[in-house]
Amino acid sequence: MRPITTGVQLRVLQRCSLVPRPVLRQQLQRPRPSAGGTAVAAVAPTGTSRGSATAESTASPVRDGATATCASDADLEQSLAAQATAQKRLHDRSAHAMLIHYCRDHGGRLYRWFRGFSIDVSFDFRHWRKHQKATRHISLWTPRNTFRADNLRRLFFPDLAWIGGSSCAACYYNACVVAAESAEAPYHLPGFNVDMHPMMITLPLECFTVTSVALGLLVTFKTQMGYGRFLEGRNLWATLSNESKALASRVLNRIPSQSGEASHLVLASRAYSVKLVRSFPFALKYHLTEDGCNPHIEIQDDTPDSETRAAMTLALQAELRSIWDVGNEDEKVFVDRILATEASNRPQHILHELSYINATVFVHPALGGLDFPAATEVDRSIAILHNVLGNCEKIIRTPIYTSYTRFTSRFLWLWCSTLPLALYPMLGPLGTPPASLIIAFFMLGIEDIGSRVEQPFDVMPLWQYCQMIDQTCLQLVRHSEAIRKRVDEAISKHTEVPLPTPVSNDEDGDQEWEYEFDVPSSALNSFVDPLDMPFHAVRKR
C-alpha cells in the first residue's frame, strides 16, 4: 500500500516529532518505481556486447525501482510508527486524567484552542472520588479552573465578545452622548439612582420577563433532545461491548464442538472470527467520527476528502496491526481488503465476513462446527451488531430538526443581545455590561452543551471503548487457551489410570458401568476443580 504524500501526513509526522519536515517532504515526494523498467530488464539479452550494454542500461531502472520500493516501504513503516506513537500518547493521557481537551473545528491553532471541548474519559474509583469531593463547588470557581473551563473559551468569541461590545456601546451612547447633548433635565426611576433621559435607548424589562419562559422551554427541550441522543449513543456502544464479548466467548467455547472431529479449517476460522470481532469497534469508530479519534491529525476546511480518507486509512491500519498478523499472507489480504477505498462501509464489511464464516464453516457439526441452534445464536449476535451499526448511522445522519435549532438560536441570540437595554435603567453604565455577560454566559452555555451532545460520538472516548473491548476479547482468547490446555492435561492424566474392566454374569454378556468422582468431605464447602478430582467405576443400576 502506497503511503499518502499529502499535507495531512506531513502534519501528522511533524506533530509526532519523528523526523524534520524538510526530510519528510523529500522522502515522501520520492518517485514511485517504474513497472516498465522492470519488464525491460526481464527480457534484455546478455550474450553479446550489445546485449550487455542493453542489460546495463536496463539494470539502472531495476535498481532505481527496487530502491524506490524499499524507500516506499520504509516511509509506510515510519508513518505507521508515527500513528501508533500518537495513539499510544492519547491512551496514556486518558489513563491519568478525568477529561481530555479535544477540538475538531477547522482553523488555526489559536482558534482551535478557543473552540476546544472536553471529553470525559471512562471513570474508575479514583475518578469518582475526585468527582464527588466536598470542595468541588468551590474549586470550580477558582481563577485557574474558571479560565480553563471549555464553556468560557468556546463562548468567548464571538458570542460573549459581541454581547460585551454591544453592551458597552449602548452604555456609552446613553451615558455620554445622550446625557451630554440633551437639554432636558434628567429624571430618576423609582428605587434606582440612575439618571435617565427620554432620548436614551432602553427597553422595558417586562418584554424579557414574559419571553424568558418561552426561551427557557426552547433551550431546555433542545438540550434534553441532545442529551437523549447522547444516552442512546452510549447505550449502543454498551450493547456493542456486551455483544462483542459474548460472541467472542461463544465462538471460543463452542468451537470446535464435541460432536465432530475438529478440522484445521474450523480452528482457523475460530481465530479469524475472534479477530473480526476485535476489529469491528475500531472500524465503527472511524465510521462515526471525522478523524477517527486521532487528535494529532489536523483536518482543515480546504483539505480534500481524498486526503482525509487516506489519513484515516493510515491511522486505521496502524490500529489493525495490533490485531492482525500482517506477516501472514491470508491475514494481510484481509487487512488490505478492509483498507481498500472501495470499502466505504468498513464495519458492514466485517459483519458480512462474520456472517459468511458462520454460514459456510460453522454450520458443519461433522467438521467440528456448531449445531443448528448454536449457529442461529451466532447469527443473532451478528444481527445485534448490525442493529448497533444501523442505529449509530441513524444518529450521525439525522440531526435535531434544523428549523427548530435555528429558531432557538435566533431567539436566544436576539434575547441576549438586547438584554443590556433593559438592564441599563436598573444597573446604570457600570453594572450593565458585567450583568449582561454573566446572564448571556449561562444562557448560551446551556445551548452550547446541547449542541455538543447532539453529535454524541464526538464527545465520547471511543478510543477507550475500543481498547476495552479489544483487551477483553484478548483476555477471553488467553483464558480459552488455558482452559483447553488444562482439559487436555486432565484427560491425559485420567487416561493413564487403568479403568476397571466390568465382568458380567449376564447371559447376554452386557453390563453398563458409570464413573463417580471421589469428593472429600473437607471440600464440600469450597470450590473444587472437577478436572483434579479422582474417580472410580461403579455398576450402573
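Q: Phenylalanine 208 and tryptophan 415: buried or exposed?
A: Phenylalanine 208 is buried, and tryptophan 415 is too. Buried means under 20% relative accessible area, exposed is over 50%, and partly exposed lies in between, with a 1.4 Å probe and protein chains only.

Q: Before we go on, what sort of model is this?
A: It's a predicted model: local features need pLDDT of at least 70, side-chain atom pairs count only at pLDDT 80 or more, and totals for chains, interfaces and linings use all residues. Residues are numbered from 1 along each chain as its sequence is written, and side-chain values use heavy atoms, with hydrogens and water left out.

Q: OK, back to the rings. How many aromatic pairs are there?
A: The count is 14 aromatic pairs. Rings of Phe, Tyr and Trp (its six-membered ring) pair if their centres lie within 6.5 Å; planes under 30 degrees apart are stacked, over 60 edge-to-face, and the rest tilted.

Q: And how do phenylalanine 208 and tryptophan 415 sit, with what distance between centres and what angle between planes?
A: Their ring centres are 5.7 Å apart and the planes are at 70 degrees, so this pair is edge-to-face. Phenylalanine 208 is in helix 10 and tryptophan 415 is in helix 16 (residues 402-454), so the pair ties together parts 207 residues apart in sequence.

Q: Which residues form an aromatic cluster?
A: Tyr102, Phe117 and Trp463 form one.

Q: How many helices and strands does the protein have?
A: There are 17 helices and six strands. Both are DSSP runs numbered from the N terminus: helices are H or I with at least four residues, strands are E with at least two.

Q: What does helix 10 look like end to end?
A: Helix 10 covers residues 205-254, so 50 residues by DSSP. From first C-alpha to last it reaches 72 Å, close to the 74 Å expected at 1.5 Å a residue. That expected span is 1.5 Å times one less than the number of residues.

Q: Where is the kink in helix 10 centred?
A: On serine 212, with a kink of about 35 degrees. The bend at a residue is the angle between axes fitted to the seven residues ending there and the seven starting there.

Q: What does proline 399 touch, leaving out residues up to four places away in sequence?
A: Arg229 and Glu454, where contact means heavy atoms within 4.5 Å. Proline 399 sits in the loop between helix 15 (372-397) and helix 16. Proline 399 itself is partly exposed, at a relative accessible area of 45%.

Q: Switching to cysteines. How many disulfides does the count come to?
A: Zero disulfides, with a disulfide taken as a pair of cysteine sulfur atoms within 2.5 Å.

Q: What about the phi of cysteine 293?
A: Cysteine 293 has a positive phi of about 60 degrees although it is not a glycine. It lies in the loop between helix 11 and helix 12 (305-320). Most residues other than glycine have a negative phi, and most peptide bonds are trans.

Q: Which peptide bonds to proline are cis?
A: Among them is phenylalanine 157 to proline 158, with omega near 5 degrees, and proline 158 lies in helix 9 (residues 150-181). Isoleucine 255 to proline 256 is also cis, with omega near 0 degrees. Proline 256 is in the loop between helix 10 and helix 11 (264-288).

Q: Is methionine 199 buried or exposed?
A: Exposed, at 55% relative accessibility. Methionine 199 is in the loop between strand 4 (195-196) and helix 10, and it touches Tyr173 and Val178, not counting residues up to four places away in sequence.

Q: Last one: what share of the protein's residues is buried?
A: Buried residues make up 40% of the 541.
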